[in-house]
Every structure is written in structure tokens, then in C-alpha cells.
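Work through these exercises with the structure open beside you. Try each task before reading its solution.

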Amino acid sequence: MGRAGCCCRGAERLASPSLVRRFRLLLLMIIALCCGAHIGQCQVATHQCHIQKCTTDFVSLTYHLTPAVDGFHTEFCKALRGYSACTQRTAKSCRGNLVFHSAVLGISDLMNQRNCSRDGPTSSTHPEVQHEPCNYHSRTQHTHTHSHVHAHAHSHTHGHSQGHSRPVYLFCGLFGDPHLRTFKDSFQTCKVEGAWPLIDNDYLSVQVTNVPVVPGSSATATNKITVIFKPYEGCTDQRVYQAVTDNLPAAFDDGTVSSGDPIHISAGAEGATGKVRALWISERSPGRHVELHAGYIGVTVIVRQLGHYLTLAVRIPEELAQAYDATQDLQLCLNGCPGGERIDQAGHLPLPLSAPALGLQLKQLRRPSYSSQTQASPYGAAQVFSAEGAKERCREQLEVQDIYFHSCVFDLLTTGDANFTMAAYSALKDMESLHPHRDRWRIYPRGAATSTLHSDSQPTRLALLLLCALSVALM
């Protein structure tokens with residue numbers, strides 16, 4: 001059967017004392033899976049024991065669910081009953097298998113915690129999905145289901161099968177002076193003054209315009225964002241969204257707020273339930289936070305204004321991001337900034353001008369718009385920060401000294417505008433909301449915070465190793 005993907009990263013999320021007590025058996029199940037796959041080969045499932053397939057199916061049925069939405073309890077219990085039924089079907093061939101017995105205990109514990117009845121409907125391993133051509137999730141799930149059936153038949157004929165994974169999503173973000181996080185999780189600080197394309201493929205174009213922040217510095221910041229959703233036959237005509245400083249509209253250029261026929265959104269997906277249009281806009285905070293949802297291509301775009309400048313975050317399926325030709329190869333999200341536009345040095349972000357020099361420039365630079373645009377904010381006026389003062393201000397919002405923290409310090413030293421602290425914080429939160437791979441969230445500058453990284457991860461990993469040994473002994 002081969003090894004399934006390991007859940008160790010998910011287990012780390014459960015490593016706090018309170019959650020360990022609450023999900024102790026589930027944690028042991030996850031650790032057992034990790035042991036079998038990576039740590040010590042505690043016990044590898046045989047070709048006859050299909051427990052890892054049962055677990056994979058359960059995860060695929062529940063990964064999009066969240067307790068915050070209606071219907072979570074019902075769907076989760078249905079998936080648990082299906083998981084239990086799957087373990088019963090493979091019980092005979094899994095006798096004596098550590099992973100199997102850990103899973104059975106974990107299922108029982110979860111059912112008790114969620115008050116799930118043992119009898120009732122179950123989620124099908126391959127449920128019949130209503131095919132909606134203008135719903136990317138529906139299209140890909142439909143394709144995945146049929147590909148899986150064909151691959152299964154092929155494996156019986158030829159003795160092997162090719163894996164058909166779910167869609168892979170990519171993330172790109174831009175904020176601050178400006179700092180770019182590419183699809184490959186490369187973090188760069190660039191000049192890129194003027195108009196530059198971030199994304200340009202057959203489905204979506206995103207362009208930003210950057211202007212100088214202070215005289216004498218090469219740093220710029222974004223004051224205009226243009227997003228073009230290209231025509232998609234049967235789903236939507238072309239729609240253009242444009243945001244500029246002090247004008248973050250809750251509508252497209254033509255005044256509409258949505259496009260296309262209604263499509264069904266599952267609980268927890270894109271923060272919505274029920275029916276929505278194939279393309280729609282959600283205004284989260286008037287004039288400050290807007291989200292664009294293109295369900296027909298699986299794209300989410302977040303635009304914010306913080307202080308005088310804009311930030312951007314995008315999630316897009318990899319297959320769509322790669323749909324471009326040779327004339328569209330200048331894409332900052334795809335390939336990063338050109339070498340001549342880089343401010344950072346291969347990941348190292350040098351400190352900008354000294355505070356006294358910046359202070360002289362700020363005295364010459366009069367921008368009343370700072371105070372008028374940050375009304376209730378105590379950070380309305382430009383200030384002069386020392387290196388330690390900038391770090392202290394950034395620590396108020398950013399606890400971990402990763403690249404977002406260092407970008408915050410760089411921006412405060414460059415501009416004296418404390419609004420960039422919230423820009424870095426919001427960019428981090430948007431990344432956590434849209435980035436599909438939690439294990440890649442944290443990026444540390446070259447030569448910085450190495451000890452922090454290790455101190456964060458080593459105790460957790462040691463705890464997991466100890467728990468794995470303990471679980472084996474208890475079993």
C-alpha cells in the first residue's frame with residue numbers, strides 16, 4: 001500500500017497541555033501514525049491493512065470544516081461514523097497493528113467528546129458531488145473522484161496506480177516598503193517603483209503601483225492595486241477591481257458587487273455558507289478591508305489600507321498560476337523581483353538610514369495626510385525611531401522575530417510611520433488565513449533568529465518523540 005502522508009505537523013498543534021488532556025487518545029493516534037511513517041518505524045501498515053486509507057478519507061471529509069459555522073457537528077459526526085465503519089471493515093487484516101488500534105481509540109474518544117451517536121448516517125468515502133461548472137472546488141472534486149475510480153481500476157489491471165492529489169494552492173503577499181512573499185515562499189524587499197505585475201495568467205491579472213516613501217530612500221510602498229478577473233465562459237464576464245489610497249471600494253469598476261450564477265459554498269469554505277455568486281466582493285471593514293472571492297477559479301484576494309498605503313494577499317490554485325505564455329513571464333509573485341530591484345541581499349535585510357538622517361528628512365517632508373488618514377490611530381504622525389525603539393514598537397504586535405517582525409523594524413526605521421507595524425501584523429494574519437501549508441508559515445532572515453527557530457521547535461519535537469515512546473509502552 002505504501003506510506004501515506006504523515007500528520008506530525010498536525011500533532012504539533014495539539015502539543016499544548018490543555019489540548020493534550022482533551023485529545024489524549026487522538027494525539028496518541030496521530031503520534032502512532034507519525035512513528036510508523038517517520039520516527040522509528042514503530043509499525044508499518046501491511047498491504048492488507050487499510051487503516052491509513054481510512055484516516056486519509058476521514059481527513060479529506062473534514063479538512064474544510066470549522067466549529068464556527070452551522071452544520072459542523074452533524075458533518076463531523078457523520079465523518080466519524082464513516083471512519084469507524086471503515087476501521088471495522090479492515091479490522092481482521094489490521095489485528096495487532098499499532099496504528100489501527102490507536103485510530104480505534106481515537107475515534108471512540110472523539111465520538112464521546114462530540115456527543116456523536118453510534119447509529120446514524122455516515123459520510124461516503126466518495127460522495128456523489130453535484131457538478132457545478134462555475135465552482136472550482138466542485139469541478140476539481142468531480143475530476144478527482146473520477147480520476148480515483150479510473151486509477152483504482154488501473155491498479156487492479158496493472159498492479160499499481162498513480163496518486164491523484166487534491167488541488168495545490170499557492171500564496172503571494174505584498175505589504176510595507178514593499179515586502180514580497182512569492183509563490184515559492186521566497187521573501188524579498190524590493191524597490192519596484194511604478195506599475196508592476198504581480199500575477200498575469202489566463203485567468204487573473206494583479207498589478208500594483210508603488211510610490212517613494214521618503215526622499216533619499218529607495219524604498220517604496222503601494223498606493224494602487226488593480227485586479228482583473230478575465231472572462232470565463234459560462235461563469236463570468238471580465239470584471240475589474242481597482243483600489244487606491246483612500247478609496248477601497250466594495251464594488252467592481254462597473255458598480256456591480258458580484259457576477260455569474262449562484263454556486264454552492266460548503267460550510268467553512270471562504271468564510272461563507274449556502275449560495276453565492278461565482279465572483280463576489282465582501283467588505284469586511286468599510287474603506288479598510290475588502291475581500292474578492294472568485295469561486296469559479298478558486299481564487300481569494302485580500303486588499304487592505306493601513307495608514308497611507310495598501311497591502312495585498314492572494315491564494316490561487318497552482319494549475320491556474322502556471323497557465324501563462326512567454327509574453328506573461330514578468331510576474332513578481334511567480335519569479336520575484338528583478339535583481340536590480342532588490343533591496344535585501346539574498347534574504348538579509350540591511351538596516352536603512354540612521355535615525356538622525358531620517359529625522360532631517362522627516363522635518364523637510366510635510367504630509368498632513370498621515371494624521372488625516374489615521375484619525376483614531378495614535379500612530380498618525382511620522383516619528384524618528386532608534387533601532388531598539390523600532391523593535392519595541394514591532395513587538396507590540398509581532399511576538400515571533402521572523403521575517404514579518406524584521407520587515408516591520410525596517411519599515412519603521414525607513415519611514416518613521418508606525419502604521420507599518422499594523423501593515424506587517426495584518427500581512428501575517430492574511431498569510432495565516434490563506435497560505436495552505438502551515439509548516440511554511442514562518443520564514444526567518446538569513447543569519448537571524450536561528451536560535452529562536454530551534455528553541456520553538458526542538459521542545460515540541462522532543463515531546464512528540466517522548467510521547468511516541470510512551471504510547472508504544474502503554475500499548
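**Exercise 1. Helices H5 and H6**

Is the crossing of H5 and H6 left-handed or right-handed? Describe how the two helices pack.

Solution. Keep in mind that this is a predicted model.

- Step 1: Locate the helices. H5 covers residues 72-89 and H6 covers residues 98-113.
- Step 2: Take distance and angle. The axes come within 10 Å and cross at roughly 150°.
- Step 3: Classify the angle. Angles over 145 degrees count as roughly antiparallel, and H5 and H6 are therefore roughly antiparallel to each other.
- Step 4: The H5 and H6 crossing is left-handed.
- Step 5: List the contact. H5 supplies Phe76, Leu80, Arg81, Tyr83, Ser84 and Thr87. H6 supplies Phe100, Ala103, Val104, Ile107, Leu110 and Met111.
- Step 6: Sort by class. The contact of H5 with H6 holds 9 nonpolar, 2 polar and 1 charged residues.

**Exercise 2. Helices H12, H13 and H14**

How do the axes of H12 and H13 cross, and how do those of H13 and H14?

Solution. 

- Step 1: Start with H12 (residues 387-395) and H13 (residues 403-415). Their axes come within 9 Å and cross at roughly 130°. That angle makes H12 oblique to H13.
- Step 2: The crossing of H12 and H13 is right-handed.
- Step 3: List this contact. From H12 come Ala387, Ala390, Lys391, Arg393, Cys394 and Arg395. From H13 come Phe405, Cys408, Val409, Leu412 and Leu413. The classes are 8 nonpolar, no polar and 3 charged residues in the contact of H12 with H13.
- Step 4: Turn to H13 and H14 (residues 419-434). Their axes come within 8 Å and cross at roughly 155°. H13 is therefore roughly antiparallel to H14.
- Step 5: The crossing of H13 and H14 is right-handed.
- Step 6: List the second contact. H13 brings Tyr404, Cys408, Asp411, Leu412 and Thr415. H14 brings Phe420, Thr421, Ala424, Ala427, Leu428 and Met431. By class, the contact of H13 with H14 has 8 nonpolar, 2 polar and 1 charged residues.

**Exercise 3. Confidence**

What pLDDT does the chain average?

Solution. 

- Step 1: Read the whole chain. The average pLDDT is 76, and 66% of the residues score at least 70.
- Step 2: Check residues 354-360. Their pLDDT stays under 50, and the model gives them 9 contacts beyond four places in sequence.
- Step 3: Check residues 362-379. Their pLDDT is below 50, with 33 contacts in the model beyond near neighbours in sequence.
- Step 4: Draw the lesson. Where pLDDT is low, predicted coordinates should not be read in detail.

Definitions and conventions:
Residues are numbered from 1 along each chain as its sequence is written. This is a predicted model: local features need pLDDT of at least 70, side-chain atom pairs count only at pLDDT 80 or more; totals for chains, interfaces and linings use all residues. Side-chain values use heavy atoms; hydrogens and water are left out. Axes are lines fitted to C-alpha atoms, for helices over the stretch in contact, and angles run from 0 to 180 degrees between N-to-C directions. Helices (H or I, at least four residues) and strands (E, at least two) are DSSP runs, numbered from the N terminus. Angles under 35 degrees count as roughly parallel, over 145 as roughly antiparallel, 65 to 115 as roughly perpendicular and the rest as oblique. A crossing is left-handed if the near helix is turned anticlockwise from the far one by less than a right angle, and right-handed if clockwise. Contact means heavy atoms within 4.5 Å. Ala, Val, Leu, Ile, Met, Phe, Trp, Tyr, Cys and Pro count as nonpolar, Asp, Glu, Lys and Arg as charged, and the others, Gly among them, as polar. pLDDT is the predictor's confidence in each residue, from 0 to 100.
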